[in-house]
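Take a look at the protein below. A short report on its fold follows.

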Amino acid sequence: MEAGILKHIKTSVVACIIDEYERILLTKRSIPPFFGQWVMPGGKIDHGESISAALRREVHEEVGLKVKTGTLVDIYEHLAVGERSDHYIILYYRALPLTYDISINLTELSEAHWFGAHELPHLDIPPGSRQVLAHLYPGQQWPHLPPPGDNADMELPGDSPFSET
């Protein structure tokens with residue numbers, strides 16, 4: 001291990017918020033990572049915070065909704081990301097909205113919208129999120145997409161390693 005660099009696994013949680021009409025709530029990012037792309041709300045799990053509490057906190061911080069945490073949908077993993085060879089694990093959970101009055105965090109997002117399955121293939125969605133959406137909507141046709149590749153760190157929710165400080 002290089003001196004001064006502590007290596008550990010970074011864990012994030014993402015909410016797949018699906019309403020009673022089987023629409024999913026996506027947010028359009030206004031900052032990296034995912035700038036200009038549609039993603040599900042989510043972010044880092046704080047030390048000592050439960051997965052469910054982190055999911056509810058992130059959703060409330062990003063879109064102002066209250067949700068009930070459902071079942072695990074998928075796990076997306078990135079190994080040896082960036083110069084520090086970070087290791088990320090992203091947990092995607094289904095969530096049920098308990099409130100519907102969306103109030104977006106304008107420091108991170110430009111839009112939030114409910115989308116039906118038929119609308120998803122036409123949106124600019126990162127490969128990791130498309131993989132999860134394909135699990136949620138197995139009957140939906142998706143264009144062939146290459147794996148994330150060398151820029152996988154841009155798939156990560158939360159702070160980008162390329163953010164300006």
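How many bridges pair strand β2 with β3, and in which sense do the two strands run? The pairing is antiparallel, and it spans two bridges. Strand β2 covers residues 24–29. At one point in this pair, Thr27 stands opposite Val39 of β3.

Keep in mind that this is a predicted model.

Now widen the view to the sheet. β2 and β3 belong to an open sheet of three strands. Its order is β3-β2-β7, and the pairing is antiparallel. β3 and β7 stand at the edges. Each has a single partner strand, so one side of each is left without a neighbour in the sheet.

Helix α1 lies across β2 and β7. Its direction makes an angle of about 60° with β2.

Here are these elements with their residues.

| Element | Residues |
|---|---|
| β2 | residues 24–29 |
| β3 | residues 38–39 |
| β7 | residues 109–115 |
| α1 | residues 51–63 |

Next, the whole chain. The protein has two helices and seven strands. Starting at the N terminus, the elements follow the order β-β-β-β-α-β-β-β-α.

What share of the 165 residues counts as buried? The figure is 42%. The protein exposes about 9100 Å². Carbon and sulfur atoms supply 54% of that area.

Finally, consider contacts between residues at least 6 apart in sequence. Of these, 67% join residues at least 24 apart.

How values were computed. Residues are numbered from 1 along each chain as its sequence is written. This is a predicted model: local features need pLDDT of at least 70, side-chain atom pairs count only at pLDDT 80 or more; totals for chains, interfaces and linings use all residues. Side-chain values use heavy atoms; hydrogens and water are left out. Helices (H or I, at least four residues) and strands (E, at least two) are DSSP runs, numbered from the N terminus. Buried means under 20% relative accessible area, exposed over 50%, partly exposed in between (1.4 Å probe, protein chains only). Contact means heavy atoms within 4.5 Å. Accessible areas come from the Shrake-Rupley method with a 1.4 Å probe; for residues, only the protein chains shown count as cover. Two strands pair if DSSP finds at least two bridges between them. Axes are lines fitted to C-alpha atoms, for helices over the stretch in contact, and angles run from 0 to 180 degrees between N-to-C directions.
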